[in-house]
Every structure is written in structure tokens, then in C-alpha cells.
Amino acid sequence: MQIEDIYVIYGKKPKSMVKELLEKSDIISEIPQRATIGLKPNLVVSKGAETGATTSPEIVEAIIEYLQEHGYDKITIMESSWVGDDTSRAFRVCGYEDISRKYHVPLKDLKRDSSTVHKAGGLGIEYCDTPYHVDYLINLPVLKGHCQTGMTCALKNMKGCITDREKRKFHTMGLHKPIACLNKVRCADLVLVDGLRGDLDFEEGGNPVEMNRILLAKDSVLVDAYVAQLMGYEISEIPYIAMAAELGVGSMEVEKAHIVELNTDHTGAKLTSSRRARALAKYIDENDACSACYGSLIHALARMEDRGMLRSIQGKIHIGQGFRGQQPGGIGVGVCAKGCDKCVMGCPPKAIDIVKMLEDQFI
């Protein structure tokens, strides 16, 4: 696996998907046999993964099983929920206490961890000692929106490795610069992104959109840049990505990355995943669409709505395998709808490419 690689797999069976990603990327070859390994999920609130807020426990189970099968026995799940929520409760509600008992893997509430101030980018960051000192840190973020930063994925998920006092300070500073500096202090060695059903808008869930994909990469900056485009953002719209790149945390040059898709998405789209998604669906003519393609279109429409441009769209956007070989006119999304007058190619396409097509067509 090269550092510029991003591995992508589609489906609805997280455990087998994760194991295939780990196998294909040959991660085991770079982890010392007696290494201490930290698993850092996103358990920002005490809500199940079905809400689009937290990391699927099946993903964590799969990683633990894979590591234990290869002889690794020094594994810890570590997290600190956001200020005002209780990490222990999140561990219980989200299914992580069951995982701990089943696999004999300890849970570490980082709210109760010791911490040390580290300097990076001109800031002092109060970083928890346990994640800082593990030999190999695996970041398990959820691909989802955020009401302040637009999106949250690999870089922002590391905010669970700092004290609550530091979290409060981050918000007074506008989040972007401290998030970049945080990852300069200690970035993840591996990122495995839960892109199964992330929330469309908010960190705390409630508007999940099924995209049925999991991503794997070593470069946190690169994977965030890629995810930004998946969600319909220009990379420049998420300032902490460029800030982290400038600090040398990673590369944001997605165009130079090697995107390795291990399969093709054939999972059916769930059209009523949330209230906002249902509202956006009125602009869509769906005929047997795959979830990843449909999810990209929902994210693109959400970006159009955020910019006040949604009402300019005329007619419905065609999407789905049912349009193969047809010429329905109008506009389409995905290779199956290439018979439309205008079409964004891709299987699946990125939301940012859909946004650009819609802007060119209607604005």
C-alpha cells in the first residue's frame, strides 16, 4: 500500500468489507507484532450508528477479529464523547461494552486520561496521553456533515483525543486551525472511514444518508479532501484540510491519488433515510439506483440547497440502472443514465461533480 492510495469498498456487510480492505491493503506488514494498537471510533454522542452519528460496531469488531487472528493482543478502544455527554454511556448505548466483553479488549474513556501539552503550528494542544503513546493508532471516523465545519471525517475525529477543556478552547478559536494543529501533534497511522450511513448535516445524527461504502487510507488529509468532494464540497470550503496540508500532516492533492475500488456498488438505495433526504428526493427520478450513486446525488442537492440554488433546478434528475439503454432527455447522474441530454458520468460520481453540472445547467 502506498501512502497516496485510498481503498474503497461498497456493500452492506461491514465485517467482510473491512476484512477485505485490510487484506488488500496489506496493513499487517507495517504493524510490529508486539505493537500497542489504539482504535479511535466516533462516539461523539450516545446514539446508535443507524442515526448517522457514530461508528458502526461491526466495523470495530471486524478490525479486532482481523488483528487478533494475526496475533495482535494489545488493542484498546479509546474515545472521549463531546462536552456534555458521557463516554461510558456512549460505549454502552453504541454496543462497545458488548465488544469489549466478547473480545477482551479494554475501553478507555479519554475524559479520565492524563494529558500533556504539545506545541504545533504555534498552538499548545492538551493531548491525551494514551492515544499519543500507542504504537499504532487507527482512526475510525464517520463520513458525515457538521453544522460548523461543513463536514467531519478523519482530521476532526481526532478531537476525541483531547481534554474537554481543550475542546472548549477549540470552539473559541473557530475549530479549523486547532484541528489542523491537533493532527500535527499526533495523527492517525491508519484511517478507516465508516461511510455506511453518515448524517447529511449534523455531527449528532438524525439525517442519515445511506452510501454503503467504507474507505481506507493512511493519509488523513488526503482522505478528508476526497470525502469533501464526495459530499459536494470544494476542498477550499473546508479550511482545516489545507491548513493541515501546510503543516505537513498529509497531501490534499486528490487528483494525484490512486483510488482503488475493490468492487462496484450494487446495493439498492434507501429512499426514505431521513426527513431532509426525503425532501431533497422530490428533485429525483429514481429507477433502481445504487445507494452510493444515490447518496452522492443527495449530498449534491444538499449543497445546492445550502447555497440557495436548489429551486433553480428544472425537471427531475434521472438516476438508476433502470435508465440503461434509454434516452429520457433532461439530466442524469451516473453511467446508467448516460442517455440523458446532460449526464455526470461515474459509478458512482462525486457529489462535487454533480454540483458543478447542476450549476452549469441552471445557474
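## Leu301 and its neighbours

Leaving aside neighbours within four places in sequence, Leu301 is in contact (heavy atoms within 4.5 Å) with Leu280, Tyr283, Ile284, Leu310, Ile313, Ile317 and Leu358. This is a predicted model, where local features need pLDDT of at least 70 and side-chain atom pairs count only at pLDDT 80 or more, while totals for chains, interfaces and linings use all residues. Residues are numbered from 1 along each chain as its sequence is written, and side-chain values use heavy atoms, with hydrogens and water left out.

## The nonpolar cores

A nonpolar core is a set of buried Ala, Val, Leu, Ile, Met, Phe, Trp, Tyr and Cys residues joined through side-chain atoms within 4.5 Å. Buried means under 20% relative accessible area, exposed over 50%, and partly exposed in between (1.4 Å probe, protein chains only).

The largest core has 83 residues, and Met151, Ile241, Leu301 and Leu358 touch the most other members. Helix H12, residues 291-306, gives the most to this core, with nine residues. Helices (H or I, at least four residues) and strands (E, at least two) are DSSP runs, numbered from the N terminus.

## A histidine in helix H12

His299 also has its place in helix H12. Is this histidine buried or exposed? His299 is buried, with a relative accessible area of 1%.

## Cysteines without bonds

The whole structure holds zero disulfides, a disulfide being a pair of cysteine sulfur atoms within 2.5 Å. For Cys336, the closest cysteine sulfur, in Cys347, is 6.2 Å away, so it is too far for a bond. Cys340 is in no disulfide either, as the nearest cysteine sulfur, that of Cys343, is 5.8 Å away.
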